[in-house]
Amino acid sequence: MATDLLQFLFSGLTVGAMYALAALGYALIYNASHIVNFAQGEFIMVGAITAAVLVEQGIALPVAIVGAVLLTLLVGALTERLAIRPAQGAPLVTLLIITMGVGLIIKGAVQLAFGKGTYSLPAFSGDTPILLGKTALAPQSLWVAGCTAVVVLVLAWYFTRTLGGKSMLATSYNPLAAQLMGIDTRRVLMMSFALAGALGAIGGVLTAPITFTSSEAGTVLGLKGFAAAALGGIGSGAGALAGGLLLGVIEALTAGYVSSSYKDAVAFVLLLLVLIFMPRGLFGSKVTERV
Amino acid sequence: MTPLFRTHAVLAVLALLMLALPLLDPSSYIFDLATRVGFTAVVVIGLNLLFGYAGQVSLGHAAFFGLGGYASAILTTHFGWPSMAALAIGAVAVGALAFVIARPILRLAGYHLAMATLSLAFIVTIVCTNEQRWTGGSDGMPVPPFTLFGWTLEGDLSWYAVASACLLLVTWGALNLARSPAGRALQAIRGSEVAARLSGIDVARAKTRVFVLSAVLASVMGSLMAHHAGFITPAATGLPRSVEFLMMVVLGGMASIYGSIVGAALVMLLPQVLHAFGAWETLVMGLILTGTLIFMRNGIVPTLRFWLQMPNKRVVSSAPESAQPEGSSK
Amino acid sequence: MSALIEVRHLSKAFGGVHAIEDLSFDVGPSTVLAIVGPNGAGKTTLINLLTGNYVADAGTIDMFGARVTGRPPEQLARLGLSRTFQNLQVCMNMSVIDNVLIGAHLKMNDSLLAGILQTASLREREAHWRAQARQLLNFVGLGAFADAMAAQLSYGSLKRLEIARALIGEPRLVLMDEPAAGLNLSEKTEIADLIKSVSARGVSIVLVEHDMKLVMGVSQKLLVLNHGRRLAFGTTNEVRHDPAVIEAYLGAA
C-alpha cells in the first residue's frame, strides 16, 4: 500500500512540476500586465518539439535543449513585440483573445514546419528505473524535480537580487510608478514574455521524454497550467509552484485510488471550491477597492 | 431617426437578407452552414448580454449549450420523450443549474470568475465523457429528428427557417433589452458596480438574471443544434467550444448585438474559406484573428461604428467646457 | 424639524487603525454640511459608512427616520440617498445620458420581460426620464454632450456628470466626496455655483472637501474631524471661531 502511495506521489510530483513550470509562466506575464497568456501551452509545445526535431537531426541532446529554450525565448519576445505591444491599451479580454490567436499562429507554424505527428525526446539519463525499496522511480522524474528546483531557485535569486528582476516586480506592483522611476515597462513586459517562453520550453523539454508531444499538446498543457496557476493564486510565484504540484499529486492519487477517468474532474472540483471559498487562491494577495 | 425606428429598420434588412439566401438556390451544405451560424449567433448574443454588457466573463458557456443538447438527446433516446418536452425540460434544468451556481460564482470577478466558469465546463465535459451508458461516452450519441405532434422537422429549408426565426426573435428581444432600464443596469454593472449599487440596482440579482437567461438561450440552441446535426459529442460542452463562443463575442464586438451575429458568422465561415489554404489553415486563422483584434480592439462592429461616426461624434468640444477626446472609445 | 441623518457613537477600525471613533452628529433638512479635516482624518471612511459600503463596528446611523446601520447601498438608495465619488465611478462604457439615467433606475421598470417586450408603460417612463436627464444635463452644463460617450469627457465634466446622476433620482440627500478635487480655479468656481444651485432646490448635501474657501462659500454647517474623532461641529461661524479648531489648523495664537 505504501509503495503504491509513494509511486503515485512520485508520478504526481513529476507531472506537477511541469504544471508548476507552466503556472509560473502564466504568473510572470499576469504579474507584469494582468494578461493571461493563452499561448503559454504553445510555448511549452514549441520547446519540446524543437528539441525533439533537433535531436532527430542528430544534434546532441544538451545542445538541442539549449537551442529549443533559446528559440522559445525568442518566440516569447516576438509575441510581445508583434502581437501585444501594437494592441497596447486594448481591453484586457481583447488581449486575451489575441494571445489565443498567437497560440494558433504558433501551432499553425509548427504544423507547417513539422507536421502533426507525435515526437518524443530520449530520457536524459536512460530509462532504467531506480528502485527505492519497492517503488520504481524513473530517472527522468529526478531530472524534472531537480531542474524545477533549480529553476525556482534561479527565479527567486533573479527577482530578489538582480535589477532586472526587481524592475519586473516593481512593474507588477505599480506600472505607473515604475515608469516614473525610469523603468521601461514595455521592455519589462517583453522580458516577461521571453522568460515565460523559456520556462515553458524547459518544462516541455523536461517532460517530453515521459509524455509524448505533438502540435496539439499545447492546448491541454496550457489548460492544466492555467488551472494550477488559478489554484495557487495567479499572481503568486509560490502559489504557482504549490498549485502545480498539488494539481499533479491530486490527479495521480485520484487516478490511482478512485478512477482514472475522473481524475481530471477532481482537479476542477477542487478549483471551483477554492474559488468559491478562497477566491484569492492559496497564496494570492488581497485586493481592496478604494472608493 | 429614433432608436426604435432604427432597430426595426435593421431588423427588416436582416430579415430580407435571410429571405434572400434560399432564393439563390444554395447547396445543402450552405444551408446547413447558415442554419448553424444562425443558432450559434443566438448563443453568442446570450453570452454577449452576460459578458459584453454585464462584464461577467464566462469560459464555461458551452457547458450550458452542451447540457441542453444532451438533455434532448438522452430524454428522447433513452426515455422516448417528445422532442419539445425534452427541449423544455433541458432548458428548465439548465436554468435551475445556472440559478444555483450564479450567486457563489458571480461574487467573483475577472480572472477568478473565468476560472470558476472554466471549471464548470470541465466538470460537465468529464461527466458527459464518462457516463457512457447515458451519453455514449467520448464518441457521443445519435440524436433522433425533432418532431412536434407527429410532424417531423426535416429538410434544409425547414431548419433554415427555424434558425432564422430564432435569430430574428432573439435579436429583436436583445436589442430591446439593451435599450431598457434592465439593459442599462447590466452595462452599469460592468462600468462601475459601486455606482450601480448606490443607484439602487440589486447587482447580485441582475447578474443572476442575465446568467440564467444566457444559459437558457444556450441550452435551447444546444437542443436544436443537436437535433439538426443528428449527433452530439462531449466536444459540445468543453472549453474549446466555450472559448470559441467568447472569441465570437470579442471579435464581433462586446455590448453589440449585431456584433454577435458578425462574430458568429465570421468565426464559423472563416475555416470554410481557409480550407483552401491546406496546411496553412491554422496559421492563417491565427493571423487573421490576431490582426483583426490588433486593429479593431473593441471588436468589428463597434470599431466600424466609431470610424463611420467621425467627425460628428468623435471630437466633442464647445465653450465653455472643452472636452478632450480620450483616444479610442471604450 | 427632525434631522435627516443622525449619527451616534459611530466607530470603525481597520485592524489597529481607528478610522472613526465615537462619532456623533446630525444633518438637518435643506442644509449643506461640510466634513473637513486633514488627510487620514476619516472623512472617506465616514462617507463609506454612510453609504453602506462599510459596516460600522459600533454605533448607529439613522437616516430619514429609519435605523440603517449595516444596510447595503441598494437599500439606502431606495430611502433617498445618492452620492458622487472622489475617484470618479462613471460608467465609461456608456453614453453620458445613459449614465445619468442610471441614477433614475429606481424610478423605472427594471423587469427583464418588460424590457424585452418594450411595453407601452416602460417606453412612456423612459421618454419621461430621458427628458428629465437632458434637463439635468443642461443644468450642470453638459447639455451638448448628452449623446457622447462618457469616455470622451474631460475630468471636470465627468464630475458634473456624477452630480447630474446623483440628482436625477430626486434624492433627499446627496453625499459629495471631494467634488472639487482635481479641478482648476475656474472649474472650482463653477462647481461651487452648482452646489449652491442644488442646495437652493432644497436638497440636503453632505460635502467632503479640502478646499476651505469653497467649503466656507457653500456650507451652513461644518463637521471637523481629526484622527477619526469629532473636533468640532456647528455652524460655519461657530466652528471657524472654535479655539480647538484654530489650534489644530493654525497652532495656538
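Q: In what order do the four strands of the open sheet E2, E1, E4 and E5 of chain C stand, and what is the sense of their pairing?
A: The order is E2-E1-E4-E5 (chain C), and the pairing is antiparallel. Strands here are DSSP runs of E with at least two residues, helices are runs of H or I with at least four, and both are numbered from the N terminus. Two strands pair if DSSP finds at least two bridges between them. This is a predicted model, in which local features need pLDDT of at least 70 and side-chain atom pairs count only at pLDDT 80 or more, while totals for chains, interfaces and linings use all residues. Residues are numbered from 1 along each chain as its sequence is written, with chains lettered from A and ligands numbered from 1 in the order in which they are written.

Q: Which strands stand at the edges of the six-stranded sheet of chain C, and why?
A: The six strands form an open sheet in the order E6-E7-E8-E3-E9-E10 (chain C), with mixed pairing. E6(C) and strand E10 (229–235) of chain C are at the edges because each has a single partner strand, which leaves one side of each without a neighbour. From one strand to the next the twist averages 15°.

Q: What makes strand E9 (residues 221–226) of chain C a partner of E10(C)?
A: The two pair in the antiparallel sense over six bridges. Leu223(C) stands opposite Phe233(C) in E10(C). H6(C) packs on this sheet, where it touches E6 and strand E7 (173–177) of chain C, and its direction makes about 175° with that of E6(C).

Q: Why is H5(C) called oblique to H6(C)?
A: The axes of helix H5 (residues 120–139) and helix H6 (residues 155–168) of chain C come within 9 Å and cross at roughly 135°. That angle makes H5(C) oblique to H6(C). Under 35 degrees counts as roughly parallel, over 145 as roughly antiparallel, 65 to 115 as roughly perpendicular and the rest as oblique. Axes are lines fitted to C-alpha atoms, for helices over the stretch in contact, and angles run from 0 to 180 degrees between N-to-C directions.

Q: Which residues of H5(C) and H6(C) meet?
A: Gln132(C), Ala133(C), Leu136(C) and Leu137(C) of H5(C) meet Ala164(C), Leu167(C) and Ile168(C) of H6(C). By class, this contact has six nonpolar, one polar and no charged residues. Ala, Val, Leu, Ile, Met, Phe, Trp, Tyr, Cys and Pro count as nonpolar, Asp, Glu, Lys and Arg as charged, and the others, Gly among them, as polar.

Q: How are H2(A) and H4(A) oriented to each other, and what makes them so?
A: Helix H2 (residues 40–56) and helix H4 (residues 92–114) of chain A pack at about 20°, with axes 9 Å apart. H2(A) and H4(A) are therefore roughly parallel. Their contact includes Met45(A) and Ile49(A) of H2(A), and Ile106(A) and Val110(A) of H4(A). By class it has seven nonpolar, two polar and two charged residues.

Q: How do you know that chain C is as compact as a globular protein of its length?
A: The radius of gyration of chain C is 19 Å, close to the 18 Å that the globule rule gives for 253 residues, so chain C is as compact as a globular protein of that length. The radius is taken over C-alpha atoms, and the rule is 2.2 Å times the number of residues to the power 0.38. Chain C has 10 helices and 10 strands.

Q: What radius of gyration would a compact globule of 330 residues have, and what does chain B have?
A: The globule would have a radius near 20 Å, and chain B has 21 Å, which agrees. Chain B holds 14 helices and four strands.

Q: How many residues of chain C are in contact with chain B?
A: 39 residues of chain C are in contact with 36 residues of chain B. By class, the chain C side has 20 nonpolar, 14 polar and five charged residues.

How values were computed:
Two residues are in contact if their C-beta atoms, placed from the backbone, lie within 7 Å.
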